[in-house]
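Hi everyone, thanks for coming. Please open the viewer and have the sequence beside it, and we'll walk through this one together.

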Amino acid sequence: MNFVLLIFLPIMAALFVPLLFRKLKDIHTGWFVLLVPVSLFIYYIGFIKTTMDGGHALSELQWIPSLGISFVSYIDGLSLLFTLLITGIGALVVLYSIFYLDKRKEKLNHFYVYLLIFMSAMLGVVQSDNVISLYLFWELTSISSFLLIGYWSTRDGSRFGALKSMMITVFGGLMMLGGFVLLGIMGDTFSIRELIANAPTFVGHEYFTLALVLVLLGAFTKSAQFPFHIWLPDAMEAPTPVSAYLHSATMVKAGLYLVARFTPIFAVSEVWIWLVAGIGLVTLFWGSFFAVKQTDLKAILAFSTVSQLGLIMSLLGAGALAYHSDDPFFKLATFAAIFHLINHATFKGSLFMIAGIVDHETGTRDIRKLGGLMSIMPVSFTVAFIGSMSMAGLPPFNGFLSKEMFLQSMLAIRHFELFNFATWGILFPVIAWIASVFTLVYSFYFVFKTFAGQQKSEPLPIKPHEAPVGMLVSPVILATLVVGIFFIPNLIGKWLVKPAVMAVQPDLYSHPSEVDVDVAAWHGFDAPELWMTVSLVGVGLVLFLTLKRWQKMYDIQPEYLSLNALYDSAMFVSEGGMNKLSRFYMTGLIRTYLIYMFAFIAAITAATLFIKEAFVVDMDSFSPINLYGVLTAIVLVVAVCMVLLAKTRLSAIIALGAVGYAVALFFVIFKAPDLALTQLVIETISVALFLLAFKHLPSLNNHGQTKRNKLGNLIIAAGVGITVTLVALSAHSQKLIPSISQYYKDTVATEAGGGNIVNVILVDYRGFDTLFEIAVLSIAGIAVIAMIRLKLSRKGESTDENK
Amino acid sequence: MKTNDVILQTTTKFVFFIIFLFSIHIFFAGHYTPGGGFVGGLLTAGAIVLLLLAFDLKTVQKALPFNFTIVTAIGLLLSLGTAAGSIFFNVPFFTHAFDYFTLPLFGKTSLHTAMIFDAGVYLVVVGAAVTMIQTIGGDE
């Protein structure tokens, strides 16, 4: 089966969503949408067998073969893992959204269309083997994320957050495209597999480092790495199912996917290791540190997501060390990265859903107003507890396992000798430890401040109660996975993680079973990571209990020194600057624009004519002057002068009509009946149109034009006239290539089955032109309606496009 | 715009049909002699303009109860459909087909997909031109 088409299944399904929403109002549209991710999930599970053996599946759909661009679905361990996350979490999120979004109040037709577009885009990102189509899907995820964040488009915050995420991720996407093009130049192919095969030849290439940095910019902006993470907290304006899906489980992991996918190409580089591991570590610390500052439940989760993404990123960076050393310690990192990626999707997904439930059932997400919900919402509390403890890295939850492996990998970096790691490597375990302490603090902060303690005296907006069963199903399933994975980590490792590790490091392994990692909860008393965990739990608990005393410390940082302030002022300055720039030349008067256009046409054409020395006149090629021609020319000139000298608009219009008819006469004299006919009719209709519109036009005045303006206009007008005449004369006097007319004469009857070349050109030879022209004509017709019938209100300055 | 010009109105009633028939003739003739969908459409639009000048907008709308915006859309779809239709026969976009048939009354006649395309052009031109004229002329 051509399974590349399955990437487009969600988008195709999206076509039916508005219809289902309209026609079947009684059934929540989500139930239909749910079928898509569920069936895809079931289908893709079938590939596990292939990838477990280290194999892959491939399906291709040609798109632009001449440029080497195609849609390819390349399923190996890594892409399969992501595919299953996208469809699996997608199914749970859709199920959750059915209960979260009211079918009567919400614009479900919009919501599910965006969500399905996103699903297609995301599948495309992780399955594409062609970097250009990968880029296409990548931007599509940005766009659908923009639409979903801005779903409640009447809220200022939603629009702001949507724009911010779009600005940052699309910036990164464009950088990444640059990187892809450079890679394409270096490897002479757009296929990732072929690029990986050619990778050894890239080292030392002048574009290598540049391509690396550009691709990383794409990955870092998407995965909200420091300092680009600022868009993620603002993206929390999206409905909670979206936050759970896009902004924790899938889209923000696209950057991680990219880094993992390109590891075989770039891992040999020192810059890659430092950037990926270093930025990842900084992000890990930054996110966890600032998560404690937040008071909004979803904002805490957003910062924790930033931090966890940083953790996985740094592990991927550390995994690249395996390319430089045979020490088995370094091989652990990639496994840990992939394993934590799965675990993070499970516990963070469930936590987001709980945050949504709390919001839904109490009416607020402000942690300062919440408290003591444990007895009212026992199921939600249990799920939140499981998720948070896993996030904090405590047993018996899956987060503990991957966290231990993370600490192990960070400790291992100390032993790496190359690239100055001997001096700076010690920083990695230290920062990792500090960040883990804060991770523990915010996990406790999230769950206990919401659910434990006393209810606040101030009543909540809605009287809290437990969520409906349907809403709890998805988080409970995820929480079950959180616990379940702890007990069967090696099975998950065999099915999903090891094939993915092999895909990330194809040079090191030839079969997934060679990935020599055995996940265990207990490594004995002499394992350093155990003592790291014990110590960080101790310190974390102390910090959590004294939270009230030191949380104020966050206020020391003034608002204007934050990255957000930097973004805001950058946006403000660029918007203001652009406005000023465009106001400078966009006067809102057609007159001015015509002056620009004509001046440029005349100047550029004339300059080209003389630079290329193309101005040649061959008098012999002209046809003889006849009496009719002379007479018509006189009429034409007189009519033109009348247009210029006319005192009223009416006489100017009539004179202009005369100009048109005189031109039509020329066509008659020079035997062009088609043109003559068209010109005559056009002229008639436009004069009639003018007469109809006459009463709307203001009386003719000079619009405050001075003599100098008029002189300028005269020069431009004369310039255009002279240039066009020169071009016509030169074009007629020299023929570089034989005229195409002969070809038309030869083929018009045989190939096109016609007799009138002019018409056959219109409908056949150059049918494309005609098609576009009638499209333009239709648009113009609609524009006239829009301008006149709808009468857009003219408030404020009409020149201000923003209003 | 209320006019009551008996001579103009009476003449228009005849002339309109003459122009209209001529436009149809020109449209069909286009493939072999001067004419075609574009001119044909313009002529029809001209005939309608004449009606508008002789009678008022409401009378004309009653006499020609079409929504000309929809006429434009139909024309555009027809043209695009003709161009895209070739894809289904596994030939490049915009490949026309033609053949000669012997039809009753007409004798040997050429049937050409270009004519369907041209009919789309005709409708777009009529639709867009009349839409513009009606909109501008009807605005109070």
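Let me begin with a definition: a crossing of two helices is left-handed if the near helix is turned anticlockwise from the far one by less than a right angle, and right-handed if clockwise. Keep that in mind for a moment.

A word on what you are looking at. This is a predicted model, in which local features need pLDDT of at least 70, side-chain atom pairs count only at pLDDT 80 or more, and totals for chains, interfaces and linings use all residues. Residues are numbered from 1 along each chain as its sequence is written, while chains are lettered from A and ligands numbered from 1 in the order in which they are written. Helices (H or I, at least four residues) and strands (E, at least two) are DSSP runs, numbered from the N terminus.

For chain B the average is 85, and 96% of the residues score at least 70. Within chain B, the element with the lowest mean is β2(B), at 76, and the one with the highest is α4(B), at 91. The complex gets an ipTM of 0.91 and a pTM of 0.77 from the predictor.

One stretch needs care. Over residues 795-803 of chain A, pLDDT stays under 50, and the model has six contacts beyond four places in sequence for them. Two residues are in contact if their C-beta atoms, placed from the backbone, lie within 7 Å. Where pLDDT is low, the predicted coordinates should not be read in detail.

Let's go to chain A and find helix α7, residues 156-187. This helix has 32 residues and reaches 46 Å from its first C-alpha to its last, close to the 46 Å expected at 1.5 Å a residue; the expected span is 1.5 Å times one less than the number of residues. What follows α7(A)? The next residue is A:D188, with a positive phi near 60°, although A:D188 is not a glycine. You will find A:D188 in the loop between α7 and α8 (192-198) of chain A.

Helix α7 packs with helix α9 (residues 208-222) of chain A at about 150°, the axes 7 Å apart. Axes here are lines fitted to C-alpha atoms, for helices over the stretch in contact, and angles run from 0 to 180 degrees between N-to-C directions. The two helices are therefore roughly antiparallel to each other. For that word, the angle has to be over 145 degrees; under 35 counts as roughly parallel, 65 to 115 as roughly perpendicular, and the rest as oblique. And here is our opening term: α7(A) and α9(A) make a left-handed crossing. Their contact residues divide into 13 nonpolar, seven polar and one charged. In this scheme Ala, Val, Leu, Ile, Met, Phe, Trp, Tyr, Cys and Pro count as nonpolar, Asp, Glu, Lys and Arg as charged, and the others, Gly among them, as polar.

Further along, helices α14 (residues 297-319) and α15 (residues 328-362) of chain A pack at about 170°, with axes 8 Å apart. That makes α14(A) roughly antiparallel to α15(A). Their contact has 16 nonpolar, six polar and two charged residues.

Helix α15(A) also meets helix α16 (residues 378-392) of chain A: their axes come within 9 Å and cross at roughly 140°. This crossing is left-handed as well. Among the residues in the contact are A:F347 and A:L351 of α15(A), and A:V383 and A:G387 of α16(A). By class, there are eight nonpolar, six polar and no charged residues.

Where are the cis peptide bonds I want to show you? One joins A:F226 and A:P227, with omega about 0°, and A:P227 is in the loop between α9 and α10 (231-234) of chain A. Another joins A:P395 and A:P396, again with omega about 0°; look for A:P396 in the loop between α16 and α17 (398-413) of chain A.

Finally, chain B. Chain B contains five helices and two strands, in the order α-α-α-α-β-β-α along the sequence. In the interface, 43 residues of chain B are in contact with 36 residues of chain A. Which element gives chain B's side its largest share? That is α5(B), with 15 residues. The residues on this side divide into 24 nonpolar, 17 polar and two charged.

Terms used. pLDDT = per-residue confidence, 0-100.
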